[in-house]
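Hello,

Here is the structure we talked about handing over. Please open it alongside this note; what was found follows below.

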Amino acid sequence: MSIEVNNESGVEVDEQSFAGLAGHVLGEMGINPLAELSILVVDEAVMADLHEKWMGEPGPTDVLSFPMDELRPGGGARGDGDGATDPALLGDVVLCPQVAAKQAETAGHSTEDELDLLLTHGILHLLGYDHAEPEEHKEMFGLQAKLLESWQEVRTQR
């Protein structure tokens, strides 16, 4: 996997951990190992601008996903397990650690845990998952929880 992490937020984040988590999620999802992903960490002002421009909503948000290549069953980035699918430029996940810190406090867990959740959530959106309908929500959030749990297992074994 080619995973690029750019931190332009002014807040210290564990870029190596982001890359590790992203690689784990993509691997667990059967994504071609030659796929490319970009993770951008921005401050509240930049996130507010992106949120307004692309979603038409005011103020900063926690995570935005910008898919690049069309993911097709049997082709593109998502594989069928035989490794024969073409690699793809998945797109960008944009995170805002300041918003994540506020959400983490409300949720009663660490900012790192919140950023892990948001990154996983953003990657799933790049892979075509959504949560607009109740059944989609159940599938996406169930998968997100499973991926985060397996990531925690990997991290504790290191």
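Glu112 counts as partly exposed, at 36% relative accessibility. Its salt-bridge partner is Arg155, with the closest N and O atoms 2.5 Å apart. Glu112 lies in helix H4 and Arg155 in helix H5, so this pair ties together parts that are 43 residues apart in sequence. Arg155 is partly exposed as well, at 26% relative accessibility.

Arg155 also meets the side chain of Asp116 in a salt bridge, at 3.0 Å, N to O. Asp116 is in H4 and Arg155 in H5, so here the parts tied together are 39 residues apart in sequence. Asp116 counts as buried, at 1% relative accessibility. Through shared partners, Glu112, Asp116 and Arg155 join into one network of salt bridges.

One thing to keep in mind: this is a predicted model.

The structure holds 3 salt bridges. One of them joins Glu44 and Lys102, whose closest N and O atoms are 2.8 Å apart. That pair links distant parts of the chain: Glu44 sits in helix H2 and Lys102 in helix H3 (residues 97-107), 58 residues apart. Glu44 is partly exposed, at 27% relative accessibility. Lys102 is exposed, with a relative accessible area of 51%.

**Overall layout**

The protein has 5 helices and 4 strands. From the N terminus on, the order is β-α-β-α-β-β-α-α-α. Of its 158 residues, 41% count as buried. Take the contacts between residues at least 6 apart in sequence: 66% of these join residues at least 24 apart.

**Cores**

In soluble globular proteins, nonpolar side chains tend to be buried together. Here the largest nonpolar core has 30 residues. Phe18, Met29, Leu37, Leu95, Leu119 and Ile123 touch the most other members. Five elements each supply at least two residues of this core: helix H1 (15-28), strand S2 (36-41), strand S4 (89-95), helix H4 (111-126) and helix H5 (134-157). The largest share, 6 residues, comes from H4.

Ile123 is worth a click. Not counting residues up to four places away in sequence, Ile123 touches Ala22, Val25, Leu26, Leu37 and Val93.

**An aromatic pair**

The structure holds 1 aromatic pair. Trp54 and Phe66 form it, edge-to-face, at 5.8 Å centre to centre and with 70° between the planes. The pair links distant parts of the chain: Trp54 is in helix H2 (residues 44-55) and Phe66 in strand S3 (residues 63-67), 12 residues apart. Trp54 is exposed, with a relative accessible area of 51%.

Where is Asp62 placed? Asp62 is in the loop between H2 and S3. Asp62 is buried yet has no salt bridge. The nearest side chain of opposite charge is that of Lys102, 12 Å away. A salt bridge needs a side-chain nitrogen within 4 Å of a carboxyl oxygen. Asp62 does have a polar contact of 3.3 Å, side chain to side chain, with Thr61. Leaving aside neighbours within four places in sequence, Asp62 is in contact with Met47, Val94, Leu95, Cys96, Val99, Gln103 and Leu118.

His24 is in helix H1. His24 is buried, with a relative accessible area of 12%. A polar contact of 2.7 Å joins the side chains of His24 and Ser150. Beyond four places in sequence, the residues in contact with His24 are Leu147, Ser150, Trp151 and Val154.

Ser65 lies in strand S3. Ser65 counts as partly exposed, at 23% relative accessibility. A polar atom of the Ser65 side chain lies 2.8 Å from the backbone oxygen of Gly122. Not counting residues up to four places away in sequence, Ser65 touches Asp92, Val93, Gly122, His125 and Leu126. Ser65 and Leu90 are 25 residues apart in sequence, and their C-alpha atoms are 9.9 Å apart in space.

Over to you.

Best wishes

Key
Residues numbered from 1 in each chain as written. Predicted model: local features only at pLDDT ≥ 70, side-chain atom pairs only at ≥ 80, totals over all residues. Heavy atoms only, no water. Phe/Tyr/Trp six-rings, centres within 6.5 Å; stacked < 30°, edge-to-face > 60°. Buried < 20%, exposed > 50% of the residue type's maximum accessible area, 1.4 Å probe, protein only. Lys, Arg positive; Asp, Glu negative; His and termini not counted. Polar contact = N/O pair within 3.5 Å; in protein donor to acceptor, adjacent residues only side chain to side chain. Contact = heavy atoms within 4.5 Å. Core = buried A, V, L, I, M, F, W, Y, C linked by side-chain atoms within 4.5 Å.
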